[in-house]
Amino acid sequence: MHPTAEEIFGELIARRGSPPIIGGVVIHSLIGAGGMGAVFMGTHLRLHIPVAAKFMFGQEQDDAARFIDEATLAARVNHPNVVRVYDVNKEDGFLYIVQEYVEGQSAERYFQDSFAGKPVTEDFVLSLGADVARGLAAMHAESFLHLDIKPTNIMVAKRDGGCKILDLGLSRRFTPGSTLSQEQGGVIHQHLGGTPGYASPEQLQQLPVGPASDVYSLGVTMFELLAARRAHVADSWSTAVVQQSVNELPDIRPLRPDISPATAGLVARCTRINPDLRFQSALELLSCIVDATQARMAPPPAVGGAPRAAALGGALSPAAGADGSAFSRPSAPAVFCVDDDQALGAVLARILGEAGCSVQTFTDGMLALKAMQQEAPDVVILDVEMPGMTGLDICRIMRSLERLRHIPVVFLTEETAPAKMSLALHEGATDYLFKSVEPADLVARVRCLARITQAQRELEGLQQQFGQFRKRLAALVGKDSV
Ligand SMILES: Nc1ncnc2c1ncn2[C@@H]1O[C@H](COP(=O)(O)OP(=O)(O)O)[C@@H](O)[C@H]1O
Ligand SMILES: [Mg+2]
């Protein structure tokens with residue numbers, strides 16, 4: 001019988017004082033206990049950061065040496081989705097590991113919530129799956145298998161909902177590209193077992209294991225969170241071996257009809273009995289989760305018009321906005337400011353940037369024109385007098401170029417002479433403002449002009465597509481034109 005978490009705490013106080021200090025860490029309170037040890041929240045005395053100190057229950061000599069060895073290797077994994085190992089030690093009869101403290105709740109709490117009738121969303125499970133897959137990929141890249149992925153070993157951080165893999169106590173080295181035999185060195189490691197219900201069938205049967213074993217355990221975890229029920233109800237090793245090696249997990253959709261076929265499919269593929277039928281790596285699983293997430297974010301296909309548009313070669317369909325309407329949501333106005341006064345350019349960039357515009361500033365007219373040719377902005381703001389190419393020159397050149405002809409040009413100047421203003425308007429300026437203009441006034445005008453440019457571009461796109469549509473229609477009815 002190993003000591004309980006409370007007994008470990010009592011022992012710590014007896015030997016190290018109250019509050020106990022060990023390995024430069026002040027131990028505050030118990031935060032969790034599992035099969036392997038008791039986890040306490042503490043503060044690192046020199047670094048002034050909260051830490052989680054895990055004290056191991058059983059401390060057979062061999063176990064201790066192996067534990068320290070494995071923790072040393074686990075410390076090499078430096079990834080935001082894997083709890084960071086700071087230290088490991090055997091001191092005063094205690095074997096402990098000091099890790100990053102994750103403020104939040106374990107995924108088991110979310111399972112309990114869904115079990116109690118508050119189902120977790122598909123988006124939450126996909127995000128958890130993606131985080132854990134990223135963490136696993138980092139571990140696998142360091143030649144580690146976790147071998148004990150399950151809800152209690154995943155923390156959901158309070159700060160941002162990001163997930164971290166905990167409890168590297170069972171993790172084992174393996175050679176990438178091969179599988180890990182449990183009989184390495186002629187010794188059968190019973191420790192490789194993991195947890196019945198989550199350990200992969202090959203792990204339970206003491207067959208060689210590889211990255212697909214961790215993929216299996218993550219799949220079971222995702223299944224449970226979505227289905228709000230345990231995937232396998234096995235209370236012993238022997239029943240787990242039989243159950244998990246014979247019965248494939250049921251299709252999740254009858255249990256959770258609202259989830260997408262993509263998510264149901266990827267959970268099913270993670271949990272196949274035959275490891276060859278699963279995702280072969282955490283990265284392969286991750287890419288599938290990303291696809292499923294993106295498919296959920298994509299707008300639904302336009303109702304009604306889609307089949308006809310398809311019959312016409314899809315000529316009309318892509319022009320429509322996300323909601324099927326002709327006009328899509330405008331993007332951030334792209335504004336180019338050309339002024340030889342760099343400081344003024346910076347002020348303009350700040351004012352317009354704060355108003356949601358994407359701003360580029362130039363002090364040289366030639367460079368500005370080059371950039372405009374590449375990426376036609378929605379609005380151009382020009383100073384009138386500049387060394388070399390003046391604002392009037394830039395405006396004249398813009399009006400002579402097909403791509404830049406219709407872009408609104410606002411002159412922003414100290415030049416108040418009426419003749420200059422009419423000259424600028426004659427050269428094709430859209431607006432003429434003095435540098436004393438109120439920022440709000442400038443922003444309002446720029447936004448208004450950007451909206452016109454964007455609407456004009458949309459209209460041009462629709463006209464083009466209408467031309468294609470007429471051609472296709474003519475081809476369908478066998479005439480030269482309709
Ligand atoms: N770094 C940590 N930060 C916050 N809580 C933790 C941390 N490590 C463990 N815990 C809590 O303690 C519980 C048991 O920790 P774990 O390392 O899984 O121990 P065991 O090996 O005994 O299962 C976890 O489910 C979690 O609630
Ligand atoms: Mg655990």
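Helices and strands are DSSP runs, numbered from the N terminus. On this basis, proline 19 falls in the loop between helix 1 (5-16) and strand 1 (21-22). The structure is a predicted model. In it, the peptide bond leading from serine 18 to proline 19 is cis, with omega near -5°. Most peptide bonds are trans.

The protein chain has 482 residues, and 36% of them count as buried. Its secondary structure comes to 15 helices and 16 strands. Among contacts with a separation of 6 or more, 62% join residues 24 or more positions apart.

The largest nonpolar core holds 80 residues. Within this core, Ala53 and Val132 touch the most other members. Helix 6 gives the most to the core, with 10 residues. Both domain 1 (5-100) and domain 2 (104-293) supply at least three residues to this core. Alanine 53 contacts Val25, Ile27, Phe40, Gly42, Tyr96 and Val98, when neighbours within four places in sequence are left aside. Another core, of 32 residues, lies apart from the largest one. Its members include Phe336, Ala368, Ile394 and Cys395.

Ligand 1 is surrounded by 22 residues. The closest are Gly32, Gly34, Met36, Ala52 and Asp167. Strand 2 (25-33), strand 3 (37-44), strand 4 (49-56) and strand 6 (94-100) are the elements that give two or more residues to this shell. Strand 2 gives the most, with 3 residues. Domain 1 (5-100) and domain 2 (104-293) both contribute to the shell, so ligand 1 lies between them.

Most residues other than glycine have a negative phi. Aspartate 167, one of the residues closest to ligand 1, has a positive phi of about 60°. Aspartate 167 is found in the loop between strand 10 (163-165) and strand 11 (172-173). This residue counts as buried because it has 24 C-beta neighbours inside 10 Å, and the cut-off is 20 or more. Aspartate 92 also has a positive phi, of about 55°. Its place is the loop between strand 5 (85-91) and strand 6. With 13 other C-beta atoms within 10 Å, aspartate 92 is partly exposed.

Helix 8 spans residues 261-270. Its buried residues are Thr263, Ala264, Leu266, Val267 and Cys270. Seen down the helix axis, these buried residues fall within an arc of 165°, so they line one face of helix 8. An α-helix has 3.6 residues a turn, so residues three or four places apart point the same way. The buried residues of helix 8 pack against helix 4 (122-141), helix 6 (211-227) and helix 9 (282-297).

Alanine 295 lies in helix 9. It counts as exposed because it has 12 C-beta neighbours inside 10 Å. Not counting residues up to four places away in sequence, alanine 295 touches Ser260 and Ala262. Alanine 295 and serine 260 are 35 residues apart in sequence. In space, their C-alpha atoms are 9.2 Å apart.

Terms used. Residues are numbered from 1 along each chain as its sequence is written. Chains are lettered from A and ligands numbered from 1 in the order in which they are written. This is a predicted model: local features need pLDDT of at least 70, side-chain atom pairs count only at pLDDT 80 or more; totals for chains, interfaces and linings use all residues. Helices (H or I, at least four residues) and strands (E, at least two) are DSSP runs, numbered from the N terminus. The arc is that of the directions from the helix axis to the C-beta atoms. Two residues are in contact if their C-beta atoms, placed from the backbone, lie within 7 Å. A nonpolar core is a set of buried Ala, Val, Leu, Ile, Met, Phe, Trp, Tyr and Cys residues joined through C-beta atoms within 7 Å. Domain bounds come from an automatic or database domain assignment. A residue is near a molecule or strand if its C-beta atom, placed from the backbone, lies within 6 Å of it.
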